[in-house]
Structure formats: C-alpha cells, structure tokens
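Let's take a walk through this structure together, one neighbourhood at a time. Have the sequence and the model at hand as you read.

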Amino acid sequence: MSLTPDALVRAAAACFETGPCEGLGLAVSGGSDSMALLHMLAPEAQARGITLRAATVDHRLRPEARAEAAAVAAACAGLGVPHEILDWTGWDRRGNLQDAARRARRRLLADWAQRHGLGAVALGHTRDDQAETVLMRLARGSGVDGLAGMASRRQADGLTWLRPLLGLRRDDLRGWLMAQGVGWVEDPSNADPRFQRVRARAALDALVPVGIAAGGLADTADRMAMARAALEHLAATLSLQAVRLRAGAVEIDAVILRDAPEETRLRLVSAALRWIGACDYRPRLESLRDALGRAGEGRWRSLSGVLLAEKGGRLWLCREPGRVEAPVPAGAIWDRRWRICGADEGVTIGALDEPGLAQCPGWRDLGLPRAALLSSPAIWRDGMLIAAPCVVPDAAYRARIVAEFPYPTLPH
C-alpha cells in the first residue's frame, strides 16, 4: 500500500526524533533515492535548526559523473545546503569494483563528516535495496546477522550512519519526486548484469510468481534483526563474565567460553577479532571454527591479522605483529585503531616490536603475551624509543583505541 506524500516525508524525517543532536550529513549521488533523501530532509532539518551538509562521491569511473555531481551541487544550492564533491582515486582496476567503491565511499564520507563536525551521515537505501541485500546474502549462505540486512541506524567510524528511507519503496519515492518536479540521474551501472546487485534485482522480478517478493524479503530482514538483537544480548552477557581488555589484546576465560553455546562463543570471538584487526567483516565460519580449535592446542594461530592461543586457561587474542601498519606521524591514527595523546611533532607512532621490547625489561611482570606487546604502539624519534605506553605507563603519553569494544567487559 502506497503512503501519502506527507506520510512519506514524516517517515523519512523520523530519523530526527532520536538524533542527531549535532550536524547531519547526506550522501547524495543524484539517483532517485538520494535525491528524495535530500529534498525530504533539507526542509525538515532547517525547521529543526539542525546543520545539514551534503556530499557526492565521484568514483571517476564514468565521464558523466562530474556533471552529475555538479547537478547535485546545484540542487543543494537551491535548498541552501552546503555541498562538496569527494573524489575517489584509489582503485587499481583489480578485485571487486563494487565492494571497493563501497568501502571508499564510507571512508571518504566518514573523513568528510569528521572534518565538518557532523555527528551522523544519512544514506538513501530503500526497502528495495534491503530486499536485494537479503537475496544476495541468501545466495552466500549467510546466517542471522547477514539476513538481518542493513540496519536503519548503526555506529561505525566514530559516526552514526542512518538510513531514513529503509522502510520506503523506491517507486513511492520516485512518485513523490515527480510530484515535486524534481528529476534524478539514472546510473547505467544499475542495469549492468555484471554486478550481483543488478542480477539480484532481476531475480526478484522473476521470483514474484512463486510468492517471493521484495516486501517479504524485507520483512524477513526485520524479523532476523530481532533475532540478532537477542543473540547480541547473550554475547554481551558472556563478555561481561569472561572478557578483559589489556593493552589492546583480549583475554577470555577459556572455561567459561567453552561452556557457552557455540553461536554465542563464535559471536564473541568474532567481535574480538574484528575489534583487534579493525576488520569490516566477520571471518568465514569454518575459518573461525578451525582457528579456535587450533588455538585450544596452546599454539598461536593467525586469522584476519589477529593471533589466537589458549594459555593457562585463558584464550588470548592480539594483533599479529607482522600485520601492523607502518609508522605514522604524531596525531594520526595508527594501525586503524590507536591514537596517542601527547605525541608532539617530530615523532612517529609505530609498533614496539623487538627493538623496543628489549628496552622494557619489566614487560614479563605484566602477565601479557609477548606477541601482544610487540604489536602495541610506541613513540619513536629518529629510531630511538621515546615511550611505550602499554608497557611502561607515562603521564606524557596516553594510548587509546578509537573504537569501543562492542560488548561490556570485566574490569581491567
């Protein structure tokens, strides 16, 4: 059943009822969904006194893209919304283009939002996108988390990501735009069968005669999201009973972990892996099971840039020393998760590694695995160790991880 024009706007603007308190960013490509997002939310934000900005990512993959971004800029100017074009130049023409482009968009938008002090970024995904996502994840054999589809609200990269249109149909949004006299761009890649999402869209049309439609798949995502919330609650309870965070490593009581249901156990360990390795995705189920089984033998195993081993009744997970990022200048985030407070110009932030650990003779008293300390952050100047905050506390330098652990834990 189609919603009235006013009901469509109210549904989109509901995102303001729970925030953001500070500025909101809009990702606007120029397609129908994002143009509806722009034209629905701009007047609502202005009425509420909320700062609004828009950005368009130019992937530089089509010659028309620059003109399309310019058209978005013109539409934003007409609405009184500041607009910026963000250029992606990082694709090496290898691998999965759509996945690379999606990651680049998120990174560019996150940097842009933080640069302007925006607390949230709204994306134009619709109920149709949700159905396509569920169908693609069914094809991959996804579990509850994957079939829960896209969340209407989530925290990542230090921001709140919103999808105000997730409960709305694309056809309804296009009808609203036409009634307002607003045009949009049709990206030719949306009809290119080389891309899985395009094939999924075509498959949905073919499945309608057997009763599988976009609405039903989106409803499945809603029910799976409820199931995921229940499973997350169980993982949080287990974490509060068994997990400690120490110097960027995760220490888990192995006995309590083994007694937990497998789904809860794997969910908790997977969250720890992603937190340490700053990974976007969970590891494959079989890889995770195998790594946990081998870690139980007491020897270090590697998965997703993280080492796992059970030692003295504790399962340890820490960053794999050989996988850490190269040193970065003071003030930058190192290894995608560490920030050092107090570092001045002329120093770099990098791994403590063997040369640094050799200068910290009391490290064994900490009761931490050697591997965890080797991959911990250190402050260096011209090859000389200045500080190792995770090993030798220093009032002048403090190390913190920019992403919170996803579950509550025991005190350090």
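Two strands are said to pair here if DSSP finds at least two bridges between them; the strands themselves (E, at least two residues) and the helices (H or I, at least four) are DSSP runs, numbered from the N terminus. Before going further, note that this is a predicted model, in which local features need pLDDT of at least 70 and side-chain atom pairs count only at pLDDT 80 or more, while totals for chains, interfaces and linings use all residues. Residues are numbered from 1 along each chain as its sequence is written, and side-chain values use heavy atoms, with hydrogens and water left out.

Back to the hairpin of β7 and β8: 2 residues lie between the strands, and Ala-247 takes a positive phi near 55°. Val-243 has Ile-252 of β8 as its bridge partner. Ile-252 also stands opposite Leu-315 in β11, for β8 is joined by 4 bridges to strand β11 (residues 314-319), again antiparallel.

How many residues of strand β8 are buried? The count is 5 of the 5 in residues 249-253, so the strand is largely enclosed by the rest of the structure. Buried means under 20% relative accessible area, with exposed over 50% and partly exposed in between (1.4 Å probe, protein chains only). Both faces of β8 are covered, with Ala-249, Glu-251 and Asp-253 buried on one side and Val-250 and Ile-252 buried on the other.

Now turn to the helices. Two packed helices are described by the angle between their axes and the distance between the axes. For helix α1 (residues 5-13) and helix α2 (residues 32-48), the angle is about 65° and the axes are 10 Å apart. Axes are lines fitted to C-alpha atoms, for helices over the stretch in contact, and angles run from 0 to 180 degrees between N-to-C directions. On the α1 side, Leu-8, Val-9, Ala-12 and Ala-13 meet Met-40, Leu-41, Glu-44 and Arg-48 of α2, where contact means heavy atoms within 4.5 Å. Within α1, Ala-7, Leu-8, Val-9, Ala-12 and Ala-13 are buried, and their cover includes α2 and α7 (170-180).

Finally, look at an open sheet of 4 strands, ordered β12-β14-β15-β16 with antiparallel pairing. Its edge strands, each pairing on one side only, are β12 (328-329) and β16 (384-387). In β14, Ile-349 stands opposite Val-328.
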